[in-house]
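Open the model in your viewer and keep the sequence panel beside it. The stops below are given in the order to select them.

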Amino acid sequence: MSTSGAHTDFKDAMSYGDYLHLDDLLGAQQPRSGQHDEMLCIIIHQASELWMKLVLHELRAAVTQIQRDDLRPAFKMLARVSGIQHQLIQSWDVLSTLTPADYMTFRDALGQSSGFQSQQYRGIEFMLGNKNPEMLRPFAHRADLHDPLQAILNAPSLYDETLALLAKRGLAVPKDRLNRDWQQAYDASDGVRAVWQTVYGDTARYWDLYELAEKLVDLEDRFQQWRFRHLTTVARVIGAKRGTGGTAGVDYLQKVLEIRLFPELWQVRTTL
């Protein structure tokens, strides 16, 4: 195949690898055990962190658009997050090729490191409303990780901003949902469910709010799928053992599955 017309001299020009900093990116895989399967573990988790960086980028931008009551750009951003979540869910299929025997060859090399300590994952959870100040503790030793996460904890979540928009539009969102301790996890409200029932009961009038609600349901649906695949993959690889980070492993992940991020959006389906 001819390379005629393609730029091939990069002595004084930026190449593909230069733009993407591939030397740094591809040099970041440093197995500690010398075991073949450790590379899989590293790459899956590093790739997931890259995707999560994009999730946070899109969620921050979506929150800004919701605050501005400019929902069309927010819809695209939230749809992109759902697409990224699909990629993250599929990554468990690759990681689940790691058998228990494979994993035990390098597990000790991980020390106490664990996905539980992912600052970006915790930031996503906080932005989606699953707030818990205790989850800051693994980052106390590094202000560059702790302080941005503290800022997300202190700020209204994506759902809080959505409820503020509903109120701005004249819907009767309870005042205690609009002025609360943002550091605490969101609790379901009958008043908020009634507001969503108004939106879902007259979609022609509230079409963009209805579409926003469905985008949020998409996010939570995919997030639950991700959590479930995480649970099944962990059960497949380590059974009921404790995680490397000290959590109860499968039991901990099972409890996490019970959490609802946007509870009234699920309740309203029953009461319509």
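Is Arg 260 buried, partly exposed or exposed? Select Arg 260: at 39% relative accessibility it counts as partly exposed (buried is under 20% relative accessible area, exposed over 50%, partly exposed in between, with a 1.4 Å probe and protein chains only). This is a predicted model, in which local features need pLDDT of at least 70 and side-chain atom pairs count only at pLDDT 80 or more, while totals for chains, interfaces and linings use all residues. Residues are numbered from 1 along each chain as its sequence is written, and side-chain values use heavy atoms, with hydrogens and water left out.

Glu 220 lies in helix α11 (residues 207–238) and Arg 260 in the loop between α12 (250–256) and α13 (263–271), so the pair ties together parts 40 residues apart in sequence. Glu 220 is buried, at 1% relative accessible area.

Next, select Asp 69, Arg 169 and Asp 208, which salt bridges with shared partners join into one network.

Move to Glu 58 and Arg 80, whose side chains meet in a salt bridge (3.0 Å, N to O). Glu 58 is in helix α3 and Arg 80 in helix α4 (residues 71–95), 22 residues apart. Glu 58 counts as buried at 5%, whereas Arg 80 is partly exposed at 39%.

Finish with Arg 142 and Asp 144, a salt bridge of 2.6 Å, N to O. The count of salt bridges comes to 13.

Methods: A salt bridge is a side-chain nitrogen of Lys or Arg within 4 Å of a carboxyl oxygen of Asp or Glu. Helices (H or I, at least four residues) and strands (E, at least two) are DSSP runs, numbered from the N terminus.
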